[in-house]
Amino acid sequence: ADNNRIEDADEIPLSELTRLKVLSLSNNKLPELPAGIGGLQSLERLNFASNKITRLPAELGELKEKTLKALVLEDNPLSDKNRITKIVSKSKKPIKELLDFVRKQQQPTGKAKRQSTSKQTAQPARDESGPDEEREGAENK
């Protein structure tokens with residue numbers, strides 16, 4: 001469903017597509033990933049490049065990193081764009097690390113606060129500029 005000017009993620013009935021292996025919705029106007037994305041346990045490739053996505057939902061973390069081979073998010077105004085770019089460009093296992101990042105972002109507030117205060121030095125510094133900003137697509141090797 002690339003290049004269809006889709007603006008509402010709710011228009012995509014993912015609950016009926018449980019065996020879907022490839023979902024490509026690039027070059028649309030989606031502000032978010034569609035509800036039900038986490039239920040697509042057979043997904044191997046996911047492409048949401050060139051949309052208006054600002055954040056990755058907790059549900060994305062429900063996908064299986066062993067099944068998902070590619071996750072393309074480039075050219076979206078992601079709120080954590082710098083962090084996601086670093087994960088994708090520098091990791092040996094970008095899919096696993098990106099899904100782990102999404103899972104950690106969605107922890108209950110109290111637990112997240114405790115972890116952030118005890119592990120402040122483990123957080124990489126945000127770099128506002130760099131050559132890797134252009135690439136937010138991830139592929140496992």
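1. Basis of the model. The structure is a predicted model, in which local features need a pLDDT of at least 70, side-chain atom pairs count only at pLDDT 80 or more, and totals for chains, interfaces and linings use all residues. Residues are numbered from 1 along each chain as its sequence is written, and side-chain values use heavy atoms, with hydrogens and water left out.

2. Confidence. The protein chain averages a pLDDT (the predictor's confidence in each residue, from 0 to 100) of 79, and 75% of the residues score at least 70. Confidence is highest in strand 2 (residues 45-47), at 95, and lowest in helix 3 (residues 109-118), at a mean of 41. Over residues 110-136 the pLDDT is below 50, and this stretch has 31 contacts (heavy atoms within 4.5 Å) in the model beyond near neighbours in sequence.

3. Layout. The protein chain has three helices and four strands, where helices (H or I, at least four residues) and strands (E, at least two) are DSSP runs numbered from the N terminus. Read from the N terminus on, these elements follow the order β-β-β-α-α-α-β. Among contacts between residues at least 6 apart in sequence, 57% join residues at least 24 apart.

4. Helix 2. The end C-alpha atoms of helix 2 are 16 Å apart, which agrees with the 16 Å that its twelve residues should span at 1.5 Å a residue; the expected span is 1.5 Å times one less than the number of residues. Its buried residues are Pro94, Ile95, Leu98, Leu99, Phe101 and Val102. Seen down the axis of helix 2, these buried residues fall within an arc (taken from the directions from the helix axis to the C-beta atoms) of 155°, so they line one face of the helix.

5. Not counting residues up to four places away in sequence, leucine 60 touches Leu33, Ile37, Leu46, Leu71, Leu99 and Val102. Leucine 33 is found in the loop between strand 1 and strand 2, and it counts as buried because its relative accessibility is 6%. With the same exclusion, the contacts of leucine 33 are Ala9, Phe48, Ile53, Leu56, Pro57 and Leu60.

6. Leucine 14. This residue is found in the segment before strand 1 and counts as buried, at 2% relative accessibility. The C-alpha atoms of leucine 14 and leucine 40 are separated by 7.6 Å, although the two residues are 26 residues apart along the chain.

7. Asparagine 28. A polar atom of its side chain lies 2.9 Å from the backbone nitrogen of asparagine 4.

Note on methods. A polar contact is a pair of N or O atoms within 3.5 Å; within protein, one must be able to donate a hydrogen and the other to accept it, and residues adjacent in sequence count only if both atoms are side-chain atoms. Buried means under 20% relative accessible area, exposed over 50%, partly exposed in between (1.4 Å probe, protein chains only).
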